[in-house]
Amino acid sequence: MRILIAEDDFASRKFMLKFLTKYAEVDVTVDGQEAVNAFELALEDGELYDLVCLDVMMPNMDGLEALETIRQIEAGSQCTKRARIIMTTALNEVNQVDKAFQLGCEGYAVKPIDTEKFLMIMDKMGLPVH
């Protein structure tokens, strides 16, 4: 399994990397634009991400823009596999949650990340967590 993390906060990025490395090969980016670039490169190489974790609030391109762009890339490609996307945020705003699901995310996690709940989300998506 391959995971892409997009997180601008160093402490959150380090935590997510340490947590998710137990379950998969993990790549890390610091903003939405880097995440989109990494996603495109993986698609070109045929090494798709199974899970993408996008922080909602990031510089250059926020998580919602990155989510929308990734879904557009998938729709325009020959790819038959769609990445699972979990949005992460310190804010618990209903409007953001609704918009994220409308744009195609499958999960939403509020920071600080509760690892057990996060694993439950991954499990419900059919991703291996054992």
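The following legends describe close-up views of a predicted model.

**View 1. Helix α1 and its buried side.** Helix α1 comprises residues 10-20, of which Ser12, Arg13, Met16, Phe19 and Leu20 are buried. These residues lie on the same side of α1, because they cover an arc of only 135° around the axis. Phe10, Ala11, Lys14 and Lys18, on the other side of α1, are exposed. The packing partners of the buried α1 residues are β1 (2-6), β2 (25-29), β3 (51-55) and α5 (115-124).

**View 2. Glutamate 7 in the loop between β1 and α1.** The loop that links β1 and α1 contains glutamate 7. Glutamate 7 has a relative accessible area of 2% and is therefore buried, the limit being under 20%. Its side chain reaches the backbone nitrogen of aspartate 9 at 3.0 Å. Residues up to four places away in sequence set aside, glutamate 7 touches Ser12, Arg13, Thr29, Val30, Asp55, Met58, Thr88 and Lys111. Two of these residues, Ser12 and Arg13, also belong to the buried set of helix α1, and Asp55 is one of the buried residues of β3.

**View 3. Strand β3 and its two neighbouring strands.** Strand β3 is mostly covered, with 5 of its 5 residues buried. Leu51, Cys53 and Asp55 are buried on one side of the strand, and Val52 and Leu54 are buried on the other, so that both faces are covered. Strands β1 and β3 run parallel and are joined by 4 bridges; in this pairing, isoleucine 3 stands opposite leucine 51. Strands β3 and β4 (residues 84-89) also run parallel, joined by 5 bridges, and here leucine 54 stands opposite methionine 87. Between β3 and β4 the chain passes through helix α3 (residues 63-75), and this β-α-β crossover is right-handed.

**View 4. Strand β4 and its pairing with β5.** Strand β4 is mostly covered, 5 of its 6 residues being buried. Strand β5 (residues 107-110) pairs with β4 in the parallel sense over 4 bridges, and threonine 89 of the pairing stands opposite valine 110 in β5. Together, β4, α4 and β5 make a β-α-β unit that is right-handed.

**View 5. The nonpolar cores and the surroundings of methionine 87.** The largest nonpolar core has 26 residues, and Val52, Leu54, Leu67, Ile85 and Met87 are those with the most contacts inside it. At least two residues of this core come from each of β1, α2 (32-45), β3, α3, β4 and α4 (94-103). Apart from this core lies another, of 19 residues, including Ile5, Ala24, Val26 and Ile121. In soluble globular proteins, nonpolar side chains tend to be buried together. With neighbours within four places in sequence left aside, methionine 87 is in contact with Leu54, Val56, Gly63, Leu64, Leu67, Ala100, Cys105, Gly107, Tyr108 and Ala109.

Conventions. Residues numbered from 1 in each chain as written. Predicted model: local features only at pLDDT ≥ 70, side-chain atom pairs only at ≥ 80, totals over all residues. Heavy atoms only, no water. Buried < 20%, exposed > 50% of the residue type's maximum accessible area, 1.4 Å probe, protein only. Arc of directions from axis to C-beta. Contact = heavy atoms within 4.5 Å. Pairing = 2+ DSSP bridges. Right-handed = clockwise from strand over helix to strand, strands pointing away. Polar contact = N/O pair within 3.5 Å; in protein donor to acceptor, adjacent residues only side chain to side chain. Core = buried A, V, L, I, M, F, W, Y, C linked by side-chain atoms within 4.5 Å.
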